[in-house]
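Good morning, and thank you for joining. Please have the display open before you.

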Amino acid sequence: MNLLGLPILSLLLWLPTIGALILLVLPNGRPMLYRWTAMSIALATLLVAGTVIGLFYTGPYGPATGTVIGPPLQFVDTVAWLPAIGASYFIGVDGINLWLVGLTAFLTPFAIAATWQRQTRSLRLLLALLLFAETAFLGVFLAQDMLLFYVFYELALIPMIFLIGMWGYHGRVTATLKLFLYTFGGSLLMLFAIIGLHILHRNAIATINPGFTGTFALNQIVADLRSGLFSLDPLMAQLLFGAFFLSFAIKLALWPLHSWLPDAYSVAPTPVAIILAGLMAKFGAYGFIRFNLTLFPEVASWAAPAIAVLAVIGIIYGALIAFTQHDMQRMIAYASMSHMNFIALGIVTMTTIGINGALLQMVAHGVIMAALLLIIAVIEERRDSRELASLGGLWRVTPVYAGLTLLTLLAMAGLPGLSGFVGEFTMLQGVFTSPLLGWPFAFGAVIGIIFAAVYALNLFRMGFMGEVRNTANLNLPDLQRRELMTLGALAVVIVAIGLFPNVLLSGMNSSVQGLVDALTPAVQAAVQLNSWR
């Protein structure tokens with residue numbers, strides 16, 4: 001379904017790449033022209049994404065939707081790509097990826113705005129890579145063909161390697177190498193799983209339809225699995241599930257596969273850190289929902305308690321390590337890891353409210369991380385330091401800056417009325433009510449929430465409360481107009497999500513409910529098999 005014959009999703013997807021190419025042919029030595037060109041393209045992309053969100057149909061749906069796992073995809077664009085093997089350029093949106101697409105388009109302008117913070121070498125290339133990364137990120141969320149998904153999944157890694165390797169801080173080479181080895185290794189496992197699933201499906205359907213050459217269309221494979229036209233041997237299903245899971249767990253930074261994350265986050269410059277923490281970390285959580293839950297519901301139900309144990313450990317571990325950090329950006333890295341593990345816990349509840357909460361928290365987490373990274377960039381520009389020991393008493397010197405920092409930290413800690421609360425609350429409800437989990441897992445998550453409040457408030461106490469300990473802070477200027485506009489816009493969204501979460505939930509609920517309905521038989525079978533719980 002396109003809009004008035006216009007392939008709106010393709011326009012959304014490729015507009016940033018067009019902008020990147022325009023940047024590369026602009027005349028040399030024009031940094032402000034580069035910035036405003038990149039910003040204009042990013043804002044145009046945001047406008048297209050807003051149009052998609054505004055026209056997205058949220059229901060109700062009739063019984064004949066053309067799919068067995070919930071409402072149909074909307075704004076679909078599909079073109080034969082490699083017809084000999086059944087691969088296609090197939091993109092579309094539903095309630096599961098809608099707001100992640102919107103988040104990508106929303107955060108990219110803030111990443112570009114962060115290039116105004118300080119002078120940057122090779123600015124044109126930096127901005128072009130940011131826009132190219134936006135296309136790759138959008139492609140990950142939009143792709144409904146497994147091979148196309150893999151292509152965008154790998155393309156997203158290329159600009160990140162260059163952005164961190166070329167513009168990162170001290171230790172960038174080691175961090176880039178670790179990021180590449182971890183994520184590329186996981187991606188190869190996913191590729192093997194995609195090829196294996198494609199061959200198994202092709203061979204099974206070819207017995208019914210001898211002319212069938214295969215397909216990589218995820219919805220078709222899932223429909224054939226649900227209808228019984230195609231089935232997987234239990235051992236094969238577990239192997240394929242494991243290959244997808246490891247790839248996504250690395251990207252998500254599920255404990256203990258997280259060690260690439262602190263190094264990459266701490267050395268990344270602010271524009272890169274915004275898209276790394278705000279967007280790239282969501283690939284794993286989204287992929288787990290889109291692939292592991294929909295393709296392998298029986299294995300996912302069986303593995304859910306074990307994954308939940310890892311997630312709870314990650315929640316608490318990340319929060320504890322964040323408390324010990326003195327570099328603010330490294331603290332944010334461990335805090336992000338803790339919150340992403342919380343999102344993983346919400347997903348494996350296999351409940352509508354838990355998965356809705358996880359998707360909502362992905363959006364909230366992205367906005368909060370962007371705000372915190374910009375807050376750190378403000379003080380780093382003024383003091384050329386991110387160490388808490390060099391701060392203290394900033395509330396007296398920069399009250400507006402301190403107020404916005406406090407608001408963002410409280411959102412991260414889950415204060416009611418702010419964006420961080422709603423996702424955590426709904427995920428906890430999902431954990432409590434999940435037949436696969438229950439109160440022990442919820443108790444572990446609550447401990448993590450308490451620790452999150454501790455490290456967030458400790459950061460504010462050390463950096464902003466008390467007397468000014470360092471005389472270099474006495475004459476620090478408060479937020480400039482540009483900084484106030486960017487942080488103020490993010491603060492408005494943080495409050496808006498906290499007060500009006502149904503705006504997001506209404507878009508995702510029908511698709512999530514359809515997914516959970518398809519999962520229910522497998523969950524019930526897993527509960528009966530493990531009735532000792």
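Let me begin with a convention: a crossing is called left-handed if the near helix is turned anticlockwise from the far one by less than a right angle, and right-handed if clockwise. Helices, for their part, are DSSP runs of H or I with at least four residues, strands are runs of E with at least two, and both are numbered from the N terminus.

What you see is a predicted model, in which local features need pLDDT of at least 70 and side-chain atom pairs count only at pLDDT 80 or more, while totals for chains, interfaces and linings use all residues. Residues are numbered from 1 along each chain as its sequence is written, and side-chain values use heavy atoms, with hydrogens and water left out.

Two packed helices are described by the angle between their axes and the distance between the axes. Here the axes are lines fitted to C-alpha atoms, for helices over the stretch in contact, and angles run from 0 to 180 degrees between N-to-C directions.

Which handedness does the crossing of α9 and α12 have? The crossing of these two helices, α9 and α12, is left-handed. By class, the contact of α9 with α12 has 10 nonpolar, three polar and one charged residues. In that classification Ala, Val, Leu, Ile, Met, Phe, Trp, Tyr, Cys and Pro count as nonpolar, Asp, Glu, Lys and Arg as charged, and the others, Gly among them, as polar. The axes of α9 (residues 234-252) and α12 (residues 282-295) come within 7 Å and cross at roughly 165 degrees. That angle makes α9 roughly antiparallel to α12; the cut-offs are under 35 degrees for roughly parallel, over 145 for roughly antiparallel, 65 to 115 for roughly perpendicular, and oblique for the rest.

Contact, throughout, means heavy atoms within 4.5 Å. On the α9 side, the residues involved include F241, F244, F245 and F248, and on the α12 side they include G284, F288, F291 and L295.

Buried means under 20% relative accessible area, exposed over 50%, and partly exposed in between, with a 1.4 Å probe and protein chains only. Apart from neighbours within four places in sequence, G284 is in contact with F248, K251 and L252. Between G284 and F245, 39 residues apart in sequence, the C-alpha to C-alpha distance is 8.5 Å.

Helix α12 also meets α8 (residues 218-227), with axes that come within 10 Å and cross at roughly 20 degrees. The two helices α8 and α12 are therefore roughly parallel to each other, and their crossing is left-handed. L218, I221, V222, L225 and R226 of α8 make this contact with R290, F291, L293, T294 and L295 of α12. Its residues divide into seven nonpolar, one polar and two charged.

A further pair is α4 (residues 123-142) and α5 (residues 146-155), which pack at about 145 degrees with their axes 8 Å apart. Their crossing, too, is left-handed.

Next, the core. A nonpolar core is a set of buried Ala, Val, Leu, Ile, Met, Phe, Trp, Tyr and Cys residues joined through side-chain atoms within 4.5 Å. The largest such core has 206 residues, of which F137, L295, L345 and M412 touch the most other members. Helix α15 (residues 352-383) gives the most to this core, with 18 residues. Leaving aside neighbours within four places in sequence, L295 is in contact with L197, L218, I221, V222, L225, R226 and F244. L345 is among the contacts of A311, a residue of helix α13 (residues 297-324) that is buried at 0% relative accessibility.

Finally, the backbone. Most residues other than glycine have a negative phi, and most peptide bonds are trans. Where is the cis peptide bond with omega near 5 degrees? The bond in question runs from W255 to P256, and P256 sits in the loop between α9 and α10 (260-267). F75, in strand β1 (residues 74-82), is not a glycine and has a positive phi of about 55 degrees; F75 is buried, at 3% relative accessible area. M350 also has a positive phi, near 60 degrees, and lies in the loop between α14 (328-347) and α15.
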